[in-house]
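Visitor: I'd like to learn how to read the side-chain features of a model like this one. Could you walk me through it?

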Amino acid sequence: MSASALKAERVRAEVVVSNMANAETTRTPEGGPYQRHHVVFEAENGSFEQSLTNQMNGGLGSAFKSGLASSFTGGLSGGVTADNATQGGVAVTGVISDESAPLRRYDPQHPDAGPDGFVSYPDINPLTEMVDLMGATRAYGMNASAVQAEKNMVSSSFEILK
């Protein structure tokens, strides 16, 4: 799950950086000013509630219980396999454009100024983008820590079994 979240947060950070880089872009190949982009996330394999229900009704929970029971009687025979592991995580569904109206500033000397002297700029607030970037960075860091913690737990489990 954390691996998919790492990928999703990387895409989110790239989109925020693109928004910040184009905050003053008044002309695009499509015509008009740059439009702010947003990342749309989606849960893989259903909701958290469905994943929890699957775990409690025969997923990882029963595999863990049977493995624990068999460890007292002679080894770990029933563990997590590709067949009984529950997949999950987050996926990037897409990147959408913000359809908000552009900001209009009076600058008659600008090459993209209209006949009235106003230039259309993207509706991008650098503070909002920085907050989004900080959120993406923190989420990425937390998921990286979760991956590292999982590695340490697996390593410790192997040391116990030796």
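Guide: Happy to. Helices here are DSSP runs of H or I with at least four residues, numbered from the N terminus. Keep in mind that this is a predicted model. With that in hand, take E14 and R10: both lie in helix α1, four residues apart, about one turn of the helix.

Visitor: What do the side chains of E14 and R10 do?

Guide: They meet in a salt bridge, at 2.9 Å from N to O. The general idea is a side-chain nitrogen of Lys or Arg within 4 Å of a carboxyl oxygen of Asp or Glu.

Visitor: Are E14 and R10 buried, exposed or partly exposed?

Guide: For this you need the cut-offs: under 20% relative accessible area is buried, over 50% is exposed, and partly exposed is in between. E14 has 46%, so it is partly exposed. R10 has 42%, so the label is partly exposed there too.

Visitor: How many salt bridges turn up in the whole structure?

Guide: A search finds eight. Another one of them joins the side chains of E9 and R12, with 3.1 Å from N to O. Both of these residues sit in helix α1 as well, three residues apart, again about one turn of the helix.

Visitor: What else can I say about R36?

Guide: Its loop runs between α1 (2–21) and β1 (37–43). Relative accessibility is 13%, and that is why R36 counts as buried. The side chains of R36 and D132 are also joined by a polar contact of 3.0 Å. Leaving aside neighbours within four places in sequence, R36 has contacts that include N19, I96, D123 and T128.

Visitor: Let's turn to rings. How many aromatic pairs are there, going by ring centres within 6.5 Å?

Guide: The count comes to one aromatic pair. Y106 and F118 form it, with 5.5 Å centre to centre and 70° between the planes. Planes over 60 degrees apart count as edge-to-face, so that is the label for this pair. The pair links distant parts of the chain, with Y106 in strand β3 (residues 103–106) and F118 in strand β4 (residues 118–121), twelve residues apart.

Visitor: Is Y106 buried or exposed?

Guide: Y106 has 55% relative accessibility, so it counts as exposed. F118, at 31%, is partly exposed.

Visitor: Which ring does the charged end of R105 sit over?

Guide: The ring of Y121, with the charged end 4.0 Å from the ring centre.

Visitor: One last residue, then. Where is N45?

Guide: Look in the loop between β1 and α2 (48–56). N45 has a relative accessible area of 52%, so it is exposed. Its C-alpha atom is separated by 8.9 Å from that of V90, a residue 45 residues apart from N45 along the chain.

Note on methods. Residues are numbered from 1 along each chain as its sequence is written. This is a predicted model: local features need pLDDT of at least 70, side-chain atom pairs count only at pLDDT 80 or more; totals for chains, interfaces and linings use all residues. Side-chain values use heavy atoms; hydrogens and water are left out. Rings of Phe, Tyr and Trp (its six-membered ring) pair if their centres lie within 6.5 Å; planes under 30 degrees apart count as stacked, over 60 as edge-to-face and the rest as tilted. Helices (H or I, at least four residues) and strands (E, at least two) are DSSP runs, numbered from the N terminus. Buried means under 20% relative accessible area, exposed over 50%, partly exposed in between (1.4 Å probe, protein chains only). A charge sits over a ring if NZ of Lys or CZ of Arg is within 6 Å of the ring centre and within 35 degrees of the ring normal. A polar contact is a pair of N or O atoms within 3.5 Å; within protein, one must be able to donate a hydrogen and the other to accept it, and residues adjacent in sequence count only if both atoms are side-chain atoms. Contact means heavy atoms within 4.5 Å.
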